[in-house]
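Student: I would like to learn how to read a few local features of a protein model, and I would be glad to work through them one at a time.

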Amino acid sequence: PQHQVPDYLSGLNPEQRLAVETTEGPVLVLAGAGTGKTRVLTTRIAHILASGRAYPSQILAVTFTNKAAREMKQRIGVLVGEAVEGMPWLGTFHSIGVKILRRHAELAGLRSDFTILDTDDVIRLIKQLIQAEGLDDKRWPARQFAQMIDGWKNKGLGPSEIAEGDARAFGNGKGRELYRAYQERLTTLNACDFGDLLCHPIRIFRNHPDVLKEYHRRFKYILVDEYQDTNTAQYMWLRLLAQRPSADSGPINICCVGDDDQSIYGWRGAEVDNILRFDKDFPGATVVRLERNYRSTAHILGAASHLIAHNEGRLGKTLFTEKPNADDSKVMVHAAWDSEEEARAVGEEIEAAQRNTKHNLNDMAILVRASFQMREFEDRFVTLGLNYRVIGGPRFYERQEIRDAMAYFRVVAQGADDLAFERIVNVPKRGLGEAAIRQVHDTSRALRIPMLEAAAQLAESDEMKPKPRAALRQVAANFARWKELLDNTPHTELAEIILDESGYTAMWKNDKSADAPTRLENLKELIRSMEDYESLRSFLEHVALVMDAEQNEDLDAVNIMTLHSAKGLEFDTVFLPGWEEGLFPHQRSLDEGGRSGLEEERRLAYVGLTRAKKNLHIWFTSNRRIHGLWQSTLPSRFLEELPEAHVEVAESGSGYGGYGDRQSGRSPYGASRFDNVGSSGGSSFSNAYATPGWQRAQANRTEATDRNWGSRSGHSVERIGYGEV
Ligand code: ATP
Ligand code: MG
């Protein structure tokens, strides 16, 4: 037959096919969870390639995480039936941004070997600037300013563009000066932060139309997943690339897919409006809606749809599934006395599933609201000997010994990397006190040279005391030698040489603390992991960019992650612990008072529920221990919002029964559920809420942890997603 439908199209429903086959012109797929949006994008790329409409290098495709990019690449290969060469422009906003910036670094005042600073580096740098301004860095915390800068960059605002009020709000009115000084310092360091990976290209595109034109010619097709969570900078970047002057080009072939109900990064500057005004930005857009959910059972879908219907600010959509209902289990709600018992019970549930149904651990996930909740599960699983991996959590590359080693490598690869130099100049201890380091600093600043060069100069002058001078001479000589080895020694070998000759390995070998052996193992693992990369530079880039931890990727292991990093993923069995007021919805969203914070929490709950294919277990505890004090808790209002038809309250097992008696003589879940039937559940909750009690403490604590999470995984999540590189 002449018009045989290619295999990759035959499995799609008509709406999906429309979205795939409408290759020319703007297309928006606006549809609920599990309806195949990501699958449409993947198939669309396969279709474009298979039909010869474009080469892989002419397709710009933005995914939410690096992992998603890899999976997409692989799937395209399967669909097209051969390994896809390249797809060099398939990645996250940041990984594509860094690529563009490397090609035009000089237009942003950088060299192409610039360093990407992580949050720690950024905070240290800002702290120095705050002190240099003569400001008290306790009153004006660097971390806070780092967040402000991040916020500005999410909006694409440079120092001269930020609002006057914002500029005044920090550092005795010196916000703008500090921001400017920060950018200047980055330029001197030949470095940029994550926000710059998009902001620099935006500015380059605006100021150099010839460069932008080059990309207009290059990208024939643009595709974006999770469009509902793009922030303003990402949106500006996309528009610059997509809105070609019509005179010299054909239609704008941009296809964005997303779900307004899954917009969960508002707190980080995401603008759900971007998706809602797509057809204004791209007139004549084909808007496709998908309603069939292929992922979840009817119970799970029913529960999720009912919950999200409580949000007012939404477009609203219907979802249906054709999955048979009869044998499916309902959404299970379980109560536990405290988080320890919660972890124990979840562990039992997992082991039972493994035993009875031969469930793979890989197919199960625990999704938490705040990262501190993970520890309990990690502890428990270690005890049980149950494999687990933390996705987007504290990661290997963020351990102290790994960061130290990386700092050495960074200085060897890029001598102007002062932050890295400072980190290790006296690690291991070489008798370089604060005064000596300050001297290096001052020389560096006075002569406008990197600290490493300043150190080398000081080592040859007699301005310094003999002992630190000898130490600096050694350091400078070491780096000079390693640098010479850089181009002609295998990089893994060089890495070992550096760690040995610097005395860094010996430092841990001589260390008597309990964790020293682990650290040595980690360093070995670091060298091993470098083998996968061609050069030290490409490895450093990889580490700077990869933000989702793929621990034990090959091992069968339970997945633990935050709800935020679970977006787009699916698992047979999902556990959602900690559904308690103050934790979920998070206290912060409730403190905001308005509707929007709570609605974003509810969308997060919707994301959580819709990750499950077959089994869904929700937990709440009646007590949490906060700062050593027991506090009693209330079940989350979201539990009340689940439809009874699809939910079953689990009988308390022997291990975790009796909590109700200890408290009020009733099951807290039952109590709150029935107390609120027919009355205004909301107000009874808010009354209960008027007693701040532990929730306040809890909020403080989760907030602190969240921030932590922001700088670790979270810059993963923060950087993940659209933030992730
Ligand atoms: P989310 O909003 O959570 O990102 P999504 O809309 O991107 O979800 P996908 O992840 O693309 O949904 O698809 C959900 C599941 O349904 C996947 O397992 C996918 O393979 C499957 N699926 C999608 N379309 C079809 C189809 N036409 N036939 C069979 N399975 C499908
Ligand atoms: Mg998806």
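This is a predicted model: local features need pLDDT of at least 70, side-chain atom pairs count only at pLDDT 80 or more; totals for chains, interfaces and linings use all residues.

Student: Let us begin with the helix: which residues of helix H11 are buried?

Tutor: The general idea is that an α-helix has 3.6 residues a turn, so residues three or four places apart point the same way. In helix H11, which spans residues 209-218, the buried residues are Val211, Leu212, Tyr215 and His216. Because these four cover an arc of only 145° around the axis, they lie on the same side of H11. The face turned away from that buried side carries the exposed residues Asp210 and Arg217.

Student: What covers the buried residues of H11?

Tutor: The cover includes three helices, namely H5 (93-103), H10 (196-207) and H12 (232-242).

Student: How many disulfides are there in the model?

Tutor: The test is whether two cysteine sulfur atoms lie within 2.5 Å of each other, and by this rule the count comes to zero. For Cys192, the nearest cysteine sulfur belongs to Cys199 and is 10 Å away, while Cys192 itself is buried, with a relative accessible area of 0%. For Cys256, the nearest cysteine sulfur is that of Cys255, at 6.8 Å, and Cys256 is likewise buried, with a relative accessible area of 0%.

Student: How should I read an aromatic pair, and what is the geometry of the one formed by Tyr227 and Phe278?

Tutor: A pair of aromatic rings is described by the distance of the centres and the angle of the planes. Tyr227 and Phe278 form an edge-to-face pair, with 6.0 Å from centre to centre and 90° between the planes. Tyr227 lies in the loop between strand S6 (221-224) and H12, whereas Phe278 belongs to helix H14 (residues 278-281), so the pair ties together parts that are 51 residues apart in sequence. Both Tyr227 and Phe278 are buried.

Student: Where do Tyr504 and Trp508 lie relative to each other?

Tutor: They are four residues apart in helix H24 (residues 504-509), and are therefore separated by about one helical turn. Tyr504 is buried at 0% relative accessible area, and Trp508 counts as buried at 6%. Ring pairs also link these two with Tyr408, Phe421, Phe479 and Trp482 into a cluster.

Student: Finally, which ring does the charged end of Lys99 sit over?

Tutor: The charged end of Lys99 sits over the ring of Trp89, 4.9 Å from its centre, and Lys567 lies over the face of Phe64, at 4.1 Å from the ring centre.

How values were computed:
Residues are numbered from 1 along each chain as its sequence is written. Chains are lettered from A and ligands numbered from 1 in the order in which they are written. Side-chain values use heavy atoms; hydrogens and water are left out. Buried means under 20% relative accessible area, exposed over 50%, partly exposed in between (1.4 Å probe, protein chains only). Helices (H or I, at least four residues) and strands (E, at least two) are DSSP runs, numbered from the N terminus. The arc is that of the directions from the helix axis to the C-beta atoms. Contact means heavy atoms within 4.5 Å. Rings of Phe, Tyr and Trp (its six-membered ring) pair if their centres lie within 6.5 Å; planes under 30 degrees apart count as stacked, over 60 as edge-to-face and the rest as tilted. A charge sits over a ring if NZ of Lys or CZ of Arg is within 6 Å of the ring centre and within 35 degrees of the ring normal.
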